[in-house]
Amino acid sequence: MELIFVHGALVRDGQWWWRPTADLLHERTGIPSRSVALPSCGETTPDQVTGGLAADAAALRAELDGVGSAIVVGHSYGGTVIAEAGAHPAVEHLLYVSSYLPDVGQSQGAIMSGESDPVSIGDNGDGTLSVSGYDATSFGERFLQDADATTRQQAWERVTAQSAAAFMTPTSADGWVGIDSTYLVCGQDRSTSVELQRFHAGRATRSVELPTGHHPFITRPDLVVEQVEALLGR
């Protein structure tokens, strides 16, 4: 058993984002974790954004091909990648964190379009998008208000451009259907509304609400590990 983490949009270095939970999970259970490198965020080709949603889904499938069984964690956009990756025999459980379980034909952009206070995203004019109008302080207040100042700065340093195709491509599969799943609603999230989270949580097998912002695997790894342990019956 391994845990495979699929990070959210417009950031890089998924292993950094997941590390606090990965370390605690390994300490408590011995389960190894890894993060999928997303081509659309420039993580597979240095300094070059390539592909879009389809390429990210292929990267997830490639990771799953190398394991016997896995729990796949999707954070935010990561849930859309899980959907597009389709069914895979190695997947034992899906764990969603402030994420999405989209219908076939629904793009990431469409999912986000109904938010009353959407995250500001700008077109870079070169086929990529970036968060727009934020600096280290405002980004931290919106996405990591429950983290310390050092962590907020380190997170800001990992914000990156991403292929517009990651947002505009409609999903062609629904890899979450028929798979046992748990959704972690982040009750103090300032990025994805609690209302949108609860809508998607209703499509999961079960849901749990955490008193955290958008990144509980950074700010409250203990709560995330507790849920993984519950899935394992520990």
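What you have open is a predicted model, in which local features need pLDDT of at least 70 and side-chain atom pairs count only at pLDDT 80 or more, while totals for chains, interfaces and linings use all residues. Residues are numbered from 1 along each chain as its sequence is written, and side-chain values use heavy atoms, with hydrogens and water left out.

A word on the labels: helices (H or I, at least four residues) and strands (E, at least two) are DSSP runs, numbered from the N terminus. Two strands pair if DSSP finds at least two bridges between them.

**Stop 1: the three-stranded sheet**

Now widen the selection to β5, β6 and β7. They form an open sheet in the order β5-β6-β7, with antiparallel pairing. Because β5 (121–123) and β7 (162–163) each have a single partner strand, they stand at the edges, and one side of each has no neighbour in the sheet.

β5 and β6 run antiparallel and are joined by three bridges. Four residues lie between these strands in their hairpin, where Gly125 takes a positive phi near 80 degrees. On the other pairing, β6 (residues 128–131) and β7 are antiparallel over two bridges. Select Thr128 and you will find its bridge partner Ser163 in β7; then pick Leu129, which stands opposite Gln162 in β7.

Which way do the residues of β6 point? Thr128 and Ser130 point one way, Leu129 and Val131 the other way, and all are buried. Here buried means under 20% relative accessible area, exposed means over 50%, and partly exposed is in between (1.4 Å probe, protein chains only). In a regular strand the side chains alternate between the two faces of the sheet.

**Stop 2: the six-stranded sheet**

Next, select the six strands of the other open sheet, ordered β2-β1-β3-β4-β8-β9 with parallel pairing. At its edges are β2 (33–35) and β9 (206–210), each pairing on one side only. On average, neighbouring strands here are turned by 20 degrees against each other, direction ignored. For angles like this, axes are lines fitted to C-alpha atoms (for helices over the stretch in contact), and angles run from 0 to 180 degrees between N-to-C directions.

Zoom in on β3 (residues 70–75) and β4 (residues 91–97), a parallel pair with six bridges. His75 has Val97 of β4 as its bridge partner. Helix α3 (residues 78–85) packs on this sheet, where it touches β1 (2–6), β3 and β4, and its direction makes about 130 degrees with that of β3. Contact, throughout this tour, means heavy atoms within 4.5 Å.

Is α3 mostly covered or mostly uncovered? It is mostly covered: eight of its eight residues are buried. Among them are Thr80, Val81 and Ile82. The buried residues of α3 pack against β1, α2 (53–65), β3, β4 and α4 (108–112). After α3 comes Gly86, with a positive phi near 75 degrees.

**Stop 3: Gln106**

Gln106 sits in the loop between β4 and α4. Because its relative accessibility is 23%, Gln106 counts as partly exposed. Show its contacts, leaving aside neighbours within four places in sequence, and you get Ile111, Thr169, Pro170 and Thr171.

**Stop 4: two helices side by side**

Now select α1 (residues 14–29) and α10 (residues 221–232), which pack at an angle of about 50 degrees with their axes 9 Å apart. They are therefore oblique to each other; angles under 35 degrees count as roughly parallel, over 145 as roughly antiparallel, 65 to 115 as roughly perpendicular and the rest as oblique. The residues making the contact include Trp18 and Leu24 of α1, and Val224 and Val228 of α10.

**Last stop: Gln227**

Stay in helix α10 and select Gln227. Is Gln227 buried or exposed? With a relative accessible area of 17%, Gln227 is buried. Apart from its neighbours within four places in sequence, Gln227 is in contact with Leu184 and Val208. To finish, show helix α8 (residues 194–201), which lies across β8 (181–186) and β9 and runs at about 170 degrees to β8.
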